[in-house]
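Please keep the structure in view while reading.

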Amino acid sequence: MQIPRSDERHRNLIGGEWRPPSTGEHEPCLNPADTREVIGLWPRSGAADAKAAVDAAAKAFPDWSRTPGPERGRILGRAHQILKAKIDLLAEALCREEGKTLSESRGEVMKGLNLLEFYSGEGFRTHGKTLPSETRQSLMLTLRQPVGPVTLITPWNFPFAIPVWKTAPALVAGCTVVLKPASLTPVCTHLLAEALVEAGLPPGVINVVTGPGGAIGNALVDDPRIRAVSFTGSNSVGLKLYERAARRGIKVTCEMGGKNPVIVDSDADLDEAIVDTIYSAFGYQGQKCSACSRLIVLEENYDRVVKRLVEAAASLRVGNPEEPGITVGPVIDETAYRRMLETIETGKKEATLAFQGEAPPEGFFVPPTIFTDVKPHMLLSCEEIFGPVLSVLKVRDLAEAIQVANDTDYALTAGFFSRSPANIERVKAELVAGNVYINRSCTGAVVGRHPFGGFKMSGGGTKAGGGDYLLQFMVPRVVTENIMRHGFAPDTTPEFREPFGAAMAERD
Ligand code: NAP
């Protein structure tokens, strides 16, 4: 396992073989901090490759679905050990493919490893139950069975952790997988697949097809052999996938955008609130789905908060994420870079520019930016910007703060800083978000302890990093059997006869 060289042509993993794309086309993965650096050439696959991957997943499904859970768990456990020995290499690869600082990249690798270990353990747990019978003659069982081959589609902003959060539960549930990473960040997904193959995953159980979502997405979703789709990404793509998958009546999970609010109460500890808000809003350039993008401050505290926020933001250092001391790297690509600069220009017309940092002129570096006097109806308040831009809103009291925080189509993460136990209880009950964080940063969910995911336009309420996530890859069946036997009828099928026959032969 190594970081790809610039001229290395990569392949898709289909049916246990690394195959070149049928199109014969590749495209470079560029380091967003320095686009002169190419991190390998990646398949620009077409629909034929998608179909071949589904063929392989469908062929491998019967055996894999019958493999005992502990055996599936053991293979994931071996992959975990293989990747654990490569933490530094993975962190470096992430830093270069997605522009995350080295320390944040290491955090993502650790998160991916924790997910792999967690779901490996799930293979050893039971996932059905015996229901109490209403009569002495009946036995009732709930059996959870793998749904079938599944398609997993992942975004660029966590190119190691999100492929793990989908692949590991799908595999341990007994599904075979076709995984499509984001075109911009294929590197770490391939390193993950390599480790799973090395760990002993049979051919066809995991298939990886790299290529443009617009060209291969439909083939991966519409194929009748695919029985569930799990997607993380933008609302525009996710909502279309919901529609397509719903037409076929298959399971679909979409984890989408956010417009995450953090409320600062009038008695909040600002030493905590400012540091954690700077981290939540500008860590990984504001490109975490959980990032804080609206800071809602009670008027009593407003001036103090803005002053300290701006002073703290001035300490952010923008530059090459591989350099120690850099806290803000580049945004992912030129499209994102241009969109964000335009958003900042629009913001200047509707609100007050309270802070703008400095950014290197080359590369996709967007200066960290804070707007104040932002009102709830403004674009800055309503649209997911997905970059280092923070909007500050002033409110009269906690009731208005909660109302403004909840007044969004999204419900992913939300935060609250306060020293008032009564206010904390109120916010716990009333703040509408999948993950609510009190007196801490609103990013950085811990695997197993803060299962992560939103609802409303942020998703369907599935929680990655928790046991429930397996359910989207399983179908429940209830079997009710009348176990009263009237006389003994010896079974004559070979499976039942042979063991007895063999035992008898040995004894004789
Ligand atoms: P995106 O543009 O929607 O892409 C996501 C994935 O969908 C990529 O692999 C993309 O492929 C693929 N895709 C594009 N068009 C498709 C189609 N027609 N059919 C099937 N697949 C298609 O999203 P993104 O820009 O990568 O990710 C950023 C978004 O993800 C943000 O909105 C963020 O909030 C959200 N997100 C949410 C969560 C959460 O847990 N809720 C977590 C992380 C990110 P290509 O790369 O080839 O275009």
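## Spaces and strands in a predicted model

Four cavities of 30 Å³ or more are found in the structure. The model is a predicted one.

The largest pocket has a volume of about 1200 Å³. Its lining is made of 45 residues, and those nearest the centre are W156, F231, G233, S234 and V237. Two or more lining residues come from each of these elements: α5 (161–173), α7 (213–222), β10 (228–232), α8 (235–247) and α11 (334–350). Helix α8 gives the largest share of this lining, with seven residues. By class, the lining of the largest pocket holds 20 nonpolar, 17 polar and eight charged residues.

The second largest pocket has a volume of about 370 Å³. It is lined by 23 residues, and G107, K111, F158, G444 and A445 are the closest to its centre. At least two of the lining residues come from α4 (102–122), and at least two from α5. The largest share, six residues, belongs to α4. The lining of the second largest pocket divides into 13 nonpolar, five polar and five charged residues.

**The cavities**

The largest cavity contains about 90 Å³ of space. Among its 14 lining residues, G286, K288, A291, S293 and F386 lie nearest the centre. Seven of the lining residues are nonpolar, five are polar and two are charged.

The second largest cavity has a volume of about 50 Å³. This cavity is also lined by 14 residues, with P261, Y410, A411, L412 and T413 closest to its centre. The strands β12 (260–264), β17 (410–411) and β18 (413–417) each give two or more residues to the lining. The classes here are eight nonpolar, four polar and two charged residues.

| Space | Volume | Lining residues |
|---|---|---|
| Largest pocket | about 1200 Å³ | 45 residues |
| Second largest pocket | about 370 Å³ | 23 residues |
| Largest cavity | about 90 Å³ | 14 residues |
| Second largest cavity | about 50 Å³ | 14 residues |

**The open sheet**

Two of the strands that line the second largest cavity, β12 and β18, also belong to an open sheet. Which strands form this sheet, and in what order? There are seven, in the order β14-β15-β16-β13-β12-β18-β19, and their pairing is mixed. The edge strands, β14 (352–356) and β19, each pair on one side only. From one strand to the next, the twist averages 20°.

Strand β18 has β12 on one side and β19 on the other in this order. β12 and β18 run parallel and are joined by three bridges. Across this pair, I263 has F416 in β18 as its bridge partner. The pairing of β18 with β19 is also parallel, over four bridges. Here A414 is partnered by V436 in β19.

β18 and β19 are also part of a right-handed β-α-β unit, together with helix α14 (residues 421–430). Which residues of strand β19 lie on its covered face, and which on its uncovered face? Strand β19 (residues 435–438) has N435 and Y437 on the covered face, while V436 and I438 are on the uncovered one.

Terms used: Residues numbered from 1 in each chain as written. Predicted model: local features only at pLDDT ≥ 70, side-chain atom pairs only at ≥ 80, totals over all residues. Heavy atoms only, no water. 1 Å grid on protein atoms, 1.4 Å probe; cavity = no way out; pocket = protein on both sides within 12 Å on 5 of 7 lines; lining within 4 Å. Points joined across faces, edges and corners; volume = space filled by probe spheres on them. Nonpolar A, V, L, I, M, F, W, Y, C, P; charged D, E, K, R; others polar. Buried < 20%, exposed > 50% of the residue type's maximum accessible area, 1.4 Å probe, protein only. Pairing = 2+ DSSP bridges. Right-handed = clockwise from strand over helix to strand, strands pointing away. Axes fitted to C-alpha atoms, helices over the stretch in contact; angles between N-to-C directions.
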